[in-house]
Amino acid sequence: MISAAVGGEYIGERVSLDGQPVQAYTIFDASLIQRLGERYEVLLRVSNLTDEEYAASGFTRRNGHLPGQPRSAFLELRARWCGAE
């Protein structure tokens, strides 16, 4: 059995500590889960699918903005040792 999920996050325009606008952004994530028999699952998760460049937060004109995370992928193997169905 394969399960899939897609999600998104929208953050509207904000104002930094010294009054500078911090632009709005939207990022998307996706996950796939493949069940392998009774005890194992494989999970693949990709964050920031479009590799959007964005400011996660704003500080001051001198310090600038904290950049958001670039695209990343995560692979996990899960095993059930007790209580397997």
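Strand E1 pairs with strand E4 (residues 25-36) in the antiparallel sense over 10 bridges, where two strands pair if DSSP finds at least two bridges between them. Within this pairing, Gly7 stands opposite Asp29 in E4. The model is a predicted one, in which local features need pLDDT of at least 70 and side-chain atom pairs count only at pLDDT 80 or more, while totals for chains, interfaces and linings use all residues. Residues are numbered from 1 along each chain as its sequence is written, and side-chain values use heavy atoms, with hydrogens and water left out.

The chain holds 0 helices and 8 strands, the elements being DSSP runs numbered from the N terminus, with at least four residues (H or I) for a helix and at least two (E) for a strand. E4 also joins E5 through 7 bridges, again in an antiparallel arrangement, and here Ala30 stands opposite Val46 in E5. The hairpin of E4 and E5 has 3 residues between the strands, and Gly37 takes a positive phi near 75 degrees in it.

Leaving aside neighbours within four places in sequence, Ile2 is in contact (heavy atoms within 4.5 Å) with Leu32, Ile33 and Gln34. Glu41, with residues up to four places away likewise not counted, touches Ile33, Gln34, Arg35 and Leu36, and also Glu76, Leu77, Arg78 and Arg80. Although Ile2 and Leu17 are 15 residues apart in sequence, their C-alpha atoms lie 45 Å apart in space.

For the chain as a whole, the C-alpha atoms fill a box of roughly 55 × 20 × 15 Å along the principal axes. The radius of gyration is 19 Å, whereas a compact globule of 85 residues would have one near 12 Å; the value is taken over C-alpha atoms, and the globule rule is 2.2 Å times the number of residues to the power 0.38. Of the 85 residues, 18% count as buried. Among contacts between residues at least 6 apart in sequence, 47% join residues at least 24 apart.

Methods:
Buried means under 20% relative accessible area, exposed over 50%, partly exposed in between (1.4 Å probe, protein chains only).
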